[in-house]
Amino acid sequence: YANAVLFHVPRQELARVLGQLHATLKANGVLFSSNPRGSGEEGWNGERYGAFHDWKSWHQIMTAAGFVELTHFYRPPGLPREQQPWLASVWRKPAAPQSD
């Protein structure tokens, strides 16, 4: 469960962090992530660091880390997309392939 956490990871460190999360999960384990969405902005805002991804880039990052998408949605529900600043997604670590 990574609610409003992974967007604080610099893009150049994200593959490593996601790799560690992937390795920690059991086969078929699930990871929920919710981050403020954006258009690739990254950097410091006062004392807080943020990397804001759109769905296309977030999907590419997560699949490159070995996760399979279960679903994604924007929050809060029931509002026009421009009023939904949060991108939530649910991912699965695939089961290890069966060996013969």
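## Model and terms

Helices (H or I, at least four residues) and strands (E, at least two) are DSSP runs, numbered from the N terminus. This is a predicted model, in which local features need pLDDT of at least 70 and side-chain atom pairs count only at pLDDT 80 or more, while totals for chains, interfaces and linings use all residues. Residues are numbered from 1 along each chain as its sequence is written, and side-chain values use heavy atoms, with hydrogens and water left out.

The score pLDDT is the predictor's confidence in each residue, from 0 to 100. Its mean over the protein is 94, and 96% of the residues reach 70 or more.

## Overall layout

The protein has two helices and six strands. Read from the N terminus on, the order of elements is β-α-β-β-β-α-β-β. Along the principal axes, the C-alpha atoms fill a box of roughly 50 × 30 × 20 Å.

Of the 100 residues, 34% count as buried. Buried means under 20% relative accessible area, exposed over 50%, and partly exposed in between (1.4 Å probe, protein chains only). A contact is defined as heavy atoms within 4.5 Å. Among contacts between residues at least 6 apart in sequence, 66% join residues at least 24 apart.

## Two salt bridges

Side chains of opposite charge can pair when their charged atoms come close. A salt bridge here is a side-chain nitrogen of Lys or Arg within 4 Å of a carboxyl oxygen of Asp or Glu. By this rule the protein has two salt bridges.

One of them joins Glu-42 and Arg-11, whose closest N and O atoms are 3.3 Å apart. Glu-42 lies in strand 3 (residues 42–45) and Arg-11 in helix 1 (residues 11–24), so the pair ties together parts that are 31 residues apart in sequence. Glu-42 is partly exposed, at 33% relative accessible area, and Arg-11 is also partly exposed, at 33%.

Glu-13 and Arg-16 form a salt bridge too, with 2.8 Å from N to O. Both residues lie in helix 1, three residues apart, which is about one turn of the helix. The relative accessible area of Glu-13 is 31%, making this residue partly exposed; Arg-16 is partly exposed at 46%.

## A buried lysine

Lys and Arg count as positive and Asp and Glu as negative, while His and the chain ends are not counted. Lys-93 lies in the segment after strand 6. Lys-93 is buried yet has no salt bridge, and the nearest side chain of opposite charge, Glu-69, is 19 Å away. Leaving aside neighbours within four places in sequence, Lys-93 is in contact with residues including His-22, Leu-25, Asn-28 and Phe-67.

## Backbone details in the loops

Ala-4 sits in the loop between strand 1 and helix 1. Although Ala-4 is not a glycine, its phi is positive, about 60°. Ala-4 is partly exposed, with a relative accessible area of 26%.

Asn-28 belongs to the loop between helix 1 and strand 2 (30–36). Asn-28 is another residue other than glycine with a positive phi, near 70°. Its relative accessibility is 40%, which counts as partly exposed.

Arg-75 and Pro-76 are joined by a cis peptide bond, with omega about -5°. Pro-76 is found in the loop between strand 5 (68–75) and strand 6.
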